[in-house]
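Hi,

Here is the structure I promised to pass on. Have a look at it first, and my notes on one helix and its surroundings follow below.

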Amino acid sequence: MLSVTRARVNLSGLWTFYQHTRQVLKDLPTQPGLLAHDVRLRRLGTHAWTYTLWLDYESLVEFRTGFTHTRAVMRASRTLEGADFWLYACPHDYLPSGWEAIDQVIAGTTACTPLPPRSSAYRPWTPAVAGTAGDDG
């Protein structure tokens with residue numbers, strides 16, 4: 001299970017956003033079911049891309065609904081101009097890791113499948129909405 005997030009941060013909220021993001025990143029390696037994760041910053045740090053790769057959907061949900069992530073989202077959301085979320089199912093024989101592989105998933109050139117929303121926080125990837133994780137737009 002691959003989760004990709006793009007956050008567009010207000011300049012005035014950068015410090016707050018990165019403080020909360022840093023706490024989530026510190027907590028991530030302790031999460032059961034986490035296989036890989038990374039952050040990519042763009043445009044003077046006002047665009048942040050993250051991906052997390054999970055063993056299964058349940059592990060992803062456990063992390064997303066946990067205290068550290070929930071608190072960070074609640075507090076950092078006030079610093080955002082907007083955010084986009086995408087979820088993919090990837091076969092166990094293809095587990096993308098690294099931004100080049102994530103860009104291929106987003107481009108639709110891998111065996112990973114975009115999933116419809118399972119909650120209001122996720123929506124399927126739509127190329128008309130945004131480009132690859134290497135893009136800012």
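**Notes on helix α1**

Helix α1 covers residues 14–27, so to speak 14 residues, and spans 20 Å from first C-alpha to last, close to the 20 Å expected at 1.5 Å a residue (the expected span is 1.5 Å times one less than the number of residues). Helices here are DSSP runs of H or I with at least four residues, strands are runs of E with at least two, and both are numbered from the N terminus.

Before you read on: this is a predicted model, where local features need pLDDT of at least 70 and side-chain atom pairs count only at pLDDT 80 or more, while totals for chains, interfaces and linings use all residues. Residues are numbered from 1 along each chain as its sequence is written, and side-chain values use heavy atoms, with hydrogens and water left out.

**Two faces**

Which residues of α1 are buried? They are L14, F17, H20, T21 and V24 (buried means under 20% relative accessible area, exposed over 50%, partly exposed in between, with a 1.4 Å probe and protein chains only).

**The partner helix**

The axes of α1 and α3 come within 9 Å and cross at roughly 170°. Axes are lines fitted to C-alpha atoms, for helices over the stretch in contact, with angles from 0 to 180 degrees between N-to-C directions.

From α1, T16, F17, H20, Q23, V24 and D27 meet T68, H69, R71, A72, R75 and A76 of α3. H20 counts as buried because its relative accessibility is 17%. Beyond its neighbours within four places in sequence, H20 is in contact with A72, R75 and A76.

**The whole chain**

The protein chain has four helices and five strands, in the order β-α-β-β-α-α-β-α-β from the N terminus. Of its 137 residues, 42% count as buried.

Cheers

Note on methods
Contact means heavy atoms within 4.5 Å.
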